[in-house]
Amino acid sequence: RNLATFTEEFDNAAWQKLAAGTGVAPSVTANAGTAPDGTATADRVVFNRGAGTTSDDISRLFQDVTDPASGFGVTSFYVRSFDGVSSYSMRLWAGFNEVNITVTGAWQRFEVTSISTSFNCQLGLVGNQNQQNADVLVWGAQGEYGSTATPYQRVVSRFDVTEAGQTGYGLS
């Protein structure tokens, strides 16, 4: 169900670190904090949209999860501030749909729905709506069909998928 890959490994090349305008590509430190499931798998991501204040000044993580089988797609991420105290205004995208989110010191799962046959998972900062910098922990990205996020599935590859409370099927 989760079409994203390396959903707890934002340092992986599957996750593009993009910048535009005065923005700086995000930097990622793997396994820098405790994730919502209690494991040490949350990645620290530092975003900097630069000094510009237009919609062209961007710093973002990006993974394309395009698949023409459905018209609805949902992107979700778990995010909290790295220091557990700060608050950040950030942006979450799913294709052409986007929402501003407020990241605090507590883990929150944010989601946005896209009505398109092509959607993606994106998190970042934009000059015309968000503050200049954000230092956050990110975990549990999910890109899936539908209009509401379902229980998180950890995905490394299409052959390595785990969902809490679910068991796999083995050959006997």
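Predicted model: local features only at pLDDT ≥ 70, side-chain atom pairs only at ≥ 80, totals over all residues.
Two rings of Phe, Tyr or Trp count as a pair when their centres lie within 6.5 Å, taking the six-membered ring for Trp.

**Aromatic rings**

- Trp139 belongs to strand β10 (residues 133-145), while Tyr152 is in the loop between β10 and β11 (153-157), so their pairing ties together parts that are 13 residues apart in sequence.
- Trp139 is buried, at a relative accessible area of 5%, and Tyr152 is buried too, at 12%.
- Phe10, Trp15 and Phe77 make up a cluster, linked by ring pairs.

**Charges over rings**

- Arg44 puts its charged end over the ring of Phe82, 3.7 Å from the ring centre.
- Trp93 has Arg60 lying over its face, with 5.9 Å to the ring centre.

**The open sheet**

- Five strands line up in the order β2-β3-β10-β5-β8 to give an open sheet with antiparallel pairing.
- The edges are β2 (24-33) and β8, and each has a single partner strand, so one side of each has no neighbour in the sheet.
- Going from one strand to the next, the twist averages 35°.
- Inside this order, β3 and β10 run antiparallel and are joined by 6 bridges.
- Phe47 stands opposite Ala134 of β10.

**Strand β4 and its partners**

- What does β4 (residues 58-64) look like in terms of burial? The strand is mostly covered, with 5 of its 7 residues buried.
- Strand β1 (residues 16-20) runs antiparallel to β4, and 5 bridges join the two. Within this pairing, Gln16 has Phe62 of β4 as its bridge partner.
- Strand β9 (residues 120-126) also pairs with β4 in the antiparallel sense, over 7 bridges.

**Phe62 up close**

- Phe62 has its place in β4, and at 13% relative accessibility Phe62 counts as buried because the cut-off for buried is under 20%.
- Leaving out residues up to four places away in sequence, Phe62 touches Ala14, Trp15, Gln16, Leu18, Asn120, Cys121 and Gln122.
- Phe62 and Gln122 are 60 residues apart in sequence, yet their C-alpha atoms are 4.6 Å apart in space.

**Nonpolar cores**

- In soluble globular proteins, nonpolar side chains tend to be buried together.
- The largest nonpolar core in this model has 25 residues, and those touching the most other members are Phe47, Phe77, Met90, Val103, Leu123 and Val136.
- At least two residues of this core come from each of β3 (42-48), β5 (72-81), β6 (88-94), β7 (97-103), β8 (108-115), β9 and β10.
- Which residues does Leu123 contact, leaving aside neighbours within four places in sequence? They include the core residues Phe47, Phe77 and Met90, and also among them are Ser59, Arg60, Leu61, Trp93 and Val138.
- There is also a second, separate core of 6 residues, including Ala35, Ala42, Leu137 and Tyr152.

Key
Residues numbered from 1 in each chain as written. Heavy atoms only, no water. Helix = DSSP H or I, 4+ residues; strand = E, 2+ residues; numbered from the N terminus. Buried < 20%, exposed > 50% of the residue type's maximum accessible area, 1.4 Å probe, protein only. Phe/Tyr/Trp six-rings, centres within 6.5 Å; stacked < 30°, edge-to-face > 60°. Lys NZ or Arg CZ within 6 Å of the ring centre and 35° of its normal. Pairing = 2+ DSSP bridges. Core = buried A, V, L, I, M, F, W, Y, C linked by side-chain atoms within 4.5 Å. Contact = heavy atoms within 4.5 Å. Axes fitted to C-alpha atoms, helices over the stretch in contact; angles between N-to-C directions.
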